[in-house]
Structures are given as C-alpha cells and as structure tokens.
Amino acid sequence: RLQKRLATVTAVDFFNAPGRSTAEAAMLQLQSRLGPAKVQPTRSGKGAIFDIAAFKGRTWVTRQGVFVDRIACSWLIRRFIDPAAGFRFVAGKQHTPGPEEVCFDMFEGEFTHEGDRCSFEVFLDRFFPKDAVLSEIGRIVHDLDLKDAKFGLPETAGVGGLLSGVASANKSDEDRLKIGGALFDHLYAFFKSTTKNTGR
C-alpha cells in the first residue's frame with residue numbers, strides 16, 4: 001500500500017519535491033528487509049564478497065530519474081566493474097530481471113539499501129571493502145542520499161549542488177550518467193590525491 005501511494009504521489013510530482021528522495025530512500029530500506037539478495041556470494045580472495053569477473057557483460061537495471069545514489073552506482077559500475085556495462089531504466093519500483101540483468105537501487109534489487117547504508121555503500125562492501133578513496137566518496141553519497149549528516153564531509157554540500165544541477169539540466173538518464181560520471185571521476189581524482197588508499 002505504501003509503495004502504491006508513493007507511486008501515485010511521484011506521478012504528479014512535477015517539480016521534484018525535496019522530500020521525494022527521502023521517501024524513496026525510506027521505502028527502499030523497508031523493501032530491503034523483505035527478502036535476501038538474489039545474487040549468491042562468490043569470494044574473490046581480496047576481501048570482496050563478489051568476483052568482478054562474474055558481472056561482466058551484464059545489463060544493469062534501475063529506476064528512471066537517476067539521481068545521487070543511482071548516478072554514483074552507475075559510475076562505479078562503469079569505472080571499476082565493467083566499462084562496457086549497459087543500463088536500462090524502468091518506470092516502476094519492481095522489475096523482473098532477464099537472465100543477464102542485474103537490478104540495483106530498487107525493490108528486490110541485488111544491490112540496494114541495507115539497514116542504514118545506501119546502495120553505493122552496499123556496492124563498496126560487496127566489491128571494494130578496503131578502498132579508502134571510494135569509501136570517502138561513499139560517505140558523501142550516503143549523506144546526500146539518506147540526508148542524515150552521518151559523516152559531514154566538507155565536500156558534501158558542493159557535490160550535492162553540482163548533482164542537483166546535473167539533474168535539473170538533463171532529463172535523459174543516460175545524459176545524467178555521462179555528466180554525473182565525469183563529476184565522480186574528478187571527485188575520485190581529488191580524494192586519490194589526498195587519501196592514503198589501502199585498497200586494490
């Protein structure tokens with residue numbers, strides 16, 4: 001019932017009300033407790049739960065209207081998991097994936113909110129648990145997506161403003177991924193120059 005009500009409200013939210021992302025994040029947290037992830041763990045031997053090789057050549061599915069968390073996840077996928085990854089954007093909260101599809105940041109997705117962690121943080125836990133540079137970015141994505149000011153990095157507000165500009169100027173999800181991805185490329189370069197990376 002909550003999901004249906006949120007979908008009804010979202011359908012008439014033409015001005016992207018600030019409470020919308022908070023409501024969607026809360027819904028994802030509730031939905032993530034209803035069932036386990038569908039992808040079975042495969043230890044890579046580097047501290048990661050999943051082996052990157054098993055996720056090459058997949059189509060990644062998420063909700064339309066990508067913003068902070070979904071842009072960040074998509075950047076992570078194309079930058080570190082599969083540079084040739086394809087994406088599919090669906091209108092509903094639910095989607096029955098095909099044999100080569102992986103769902104993220106959506107109901108019953110393999111990679112979505114868990115507890116107080118956003119989807120980007122879940123990706124990091126599964127693939128790059130020891131990467132200090134990506135962890136810094138994860139803290140920013142967490143605070144922007146969940147709006148709980150848990151980490152309070154000084155760069156957070158600026159990154160949030162830039163991503164809001166990207167979303168406002170680009171209605172196409174692919175355009176948002178392209179431009180937002182370039183933003184995260186530069187953010188990664190910044191943290192790589194200022195953070196001691198003990199990861200890969």
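1. Basis. The model is predicted, with local features requiring pLDDT of at least 70 and side-chain atom pairs counting only at pLDDT 80 or more, while totals for chains, interfaces and linings use all residues. Numbering runs from 1 along each chain as its sequence is written, and side-chain values use heavy atoms, with hydrogens and water left out.

2. Helix H4. Because eight of the nine residues of H4 (residues 119-127) are buried, this helix is largely enclosed by the rest of the structure; buried here means under 20% relative accessible area with a 1.4 Å probe, protein chains only, and helices (H or I, at least four residues) and strands (E, at least two) are DSSP runs numbered from the N terminus. The cover over these buried residues includes strand E1 (59-63), helix H3 (68-81) and helix H5 (132-146).

3. Phe-120. This buried residue of H4 is in contact (heavy atoms within 4.5 Å) with Asp-69, Ala-72, Cys-73, Trp-75, Leu-76, Leu-134, Ile-137, Gly-138 and Val-141, leaving aside its neighbours within four places in sequence.

4. Core. In the largest nonpolar core, which has 41 residues, Trp-60, Phe-120, Phe-123 and Ile-137 touch the most other members; such a core is a set of buried Ala, Val, Leu, Ile, Met, Phe, Trp, Tyr and Cys residues joined through side-chain atoms within 4.5 Å. Helix H3 provides the largest share of this core, nine residues.

5. Strands. E1 and E2 (residues 86-90) pair in the parallel sense over five bridges, where pairing requires at least two DSSP bridges between two strands, and Val-61 has Arg-88 in E2 as its bridge partner.

Key
Buried means under 20% relative accessible area, exposed over 50%, partly exposed in between (1.4 Å probe, protein chains only).
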